Amino acid sequence: MKAAFVRGAVAALAIVSIGTGMAMSAPAAKTSFDGTWSVVVVTEQGDCDRAYRYPIRIKNDGSLENAGSTSFDISGKVASDGKLIVRLSYGGKSATGQGRLSGAGGEGRWSGGSCAGVWTAERRS
């Protein structure tokens, strides 16, 4: 169960981690980041899987959703300037991420439990 959570957390965070303390006001305008993104999450601290790739979809309003077959809960939002914060939970555990998307790529940091690391994202559609 720990490995499955770590894989999901790392992958999801890799694509969507951005901006601690960022204020999100409603309603959000359409962002230029809408579509499917491939995220690679890399563990730098802790005993989590070393790396994982995962698909995330950014909707027109900037909200995030799982675009893959692994089941987990994801919440967060991408601002029009590319900053975002994400929270992922699975099986009673959770991880958070922050970072920035720009053009067709992005990067940031994530942490959850005793693990932490970085993520990179690449637009797929």
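Visitor: Is phenylalanine 33 buried or exposed?

Guide: Relative accessible area is the number to read here, and under 20% counts as buried. In this predicted model, phenylalanine 33 has a relative accessible area of 5%, so phenylalanine 33 is buried. Tryptophan 37 is buried as well, with a value of 0%.

Visitor: How many aromatic pairs does a search of the whole structure find?

Guide: The search finds one. The ring centres of phenylalanine 33 and tryptophan 37 lie 6.4 Å apart, and because their planes meet at 50°, the pair is tilted.

Visitor: Let's move to the sheet. What order do the strands have?

Guide: Strands of a sheet pair through backbone hydrogen bonds, either parallel or antiparallel. Here eight strands form an open sheet in the order 3-2-1-8-7-6-5-4, and the pairing is antiparallel. Neighbouring strands of this sheet are turned by 25° against each other on average, direction ignored.

Visitor: Which strands stand at the edges?

Guide: Those are strand 3 (64–66) and strand 4. Each has a single partner strand, so one side of each is left without a neighbour in the sheet. Strand 4 pairs with strand 5 over six bridges, in the antiparallel sense.

Visitor: How many bridges join strand 5 to strand 6?

Guide: Eight bridges join these antiparallel strands, with strand 6 covering residues 93–102. Lysine 83 stands opposite arginine 100 of strand 6. The hairpin of strand 5 and strand 6 has two residues between the strands, and glycine 91 takes a positive phi near 55° there.

Visitor: And which residue takes a positive phi in the hairpin of strand 6 and strand 7?

Guide: That is glycine 103, with phi near 65°, in a hairpin that also has two residues between its strands. Seven bridges join strand 6 to strand 7 (residues 105–112), and the two run antiparallel. Serine 102 stands opposite glycine 105 in strand 7.

Visitor: How should I read the side chains along a strand?

Guide: In a regular strand the side chains alternate between the two faces of the sheet. For a single residue, look at its accessibility. Isoleucine 85 belongs to strand 5 (residues 83–90) and is partly exposed, at a relative accessible area of 29%. Threonine 43 lies in strand 1 and, at 6% relative accessibility, counts as buried. A polar atom of the threonine 43 side chain lies 2.6 Å from the backbone oxygen of aspartate 49.

Visitor: Which residues touch the most other members of the largest nonpolar core?

Guide: Ile58, Ile74, Val78 and Leu101 do, in a core of 20 residues. The elements giving two or more residues to this core are strand 1, strand 2, strand 4 (73–78), strand 5 and strand 8.

Visitor: Which cysteines does a disulfide join?

Guide: Cysteine 48 is joined to cysteine 115, with an S to S distance of 1.9 Å, and this is the one disulfide found in a search of the whole structure. Cysteine 48 sits in the loop between strand 1 (35–45) and strand 2 (51–58), while cysteine 115 is in strand 8 (residues 115–123), so the pair ties together parts that are 67 residues apart in sequence. Both cysteines, cysteine 48 and cysteine 115, are buried.

Visitor: What is the handedness of the link of cysteine 48 and cysteine 115?

Guide: The link is right-handed, with 100° about the S-S bond.

Definitions and conventions: Residues numbered from 1 in each chain as written. Predicted model: local features only at pLDDT ≥ 70, side-chain atom pairs only at ≥ 80, totals over all residues. Heavy atoms only, no water. Phe/Tyr/Trp six-rings, centres within 6.5 Å; stacked < 30°, edge-to-face > 60°. Buried < 20%, exposed > 50% of the residue type's maximum accessible area, 1.4 Å probe, protein only. Disulfide = S-S within 2.5 Å. Helix = DSSP H or I, 4+ residues; strand = E, 2+ residues; numbered from the N terminus. Core = buried A, V, L, I, M, F, W, Y, C linked by side-chain atoms within 4.5 Å. Pairing = 2+ DSSP bridges. Polar contact = N/O pair within 3.5 Å; in protein donor to acceptor, adjacent residues only side chain to side chain. Axes fitted to C-alpha atoms, helices over the stretch in contact; angles between N-to-C directions.
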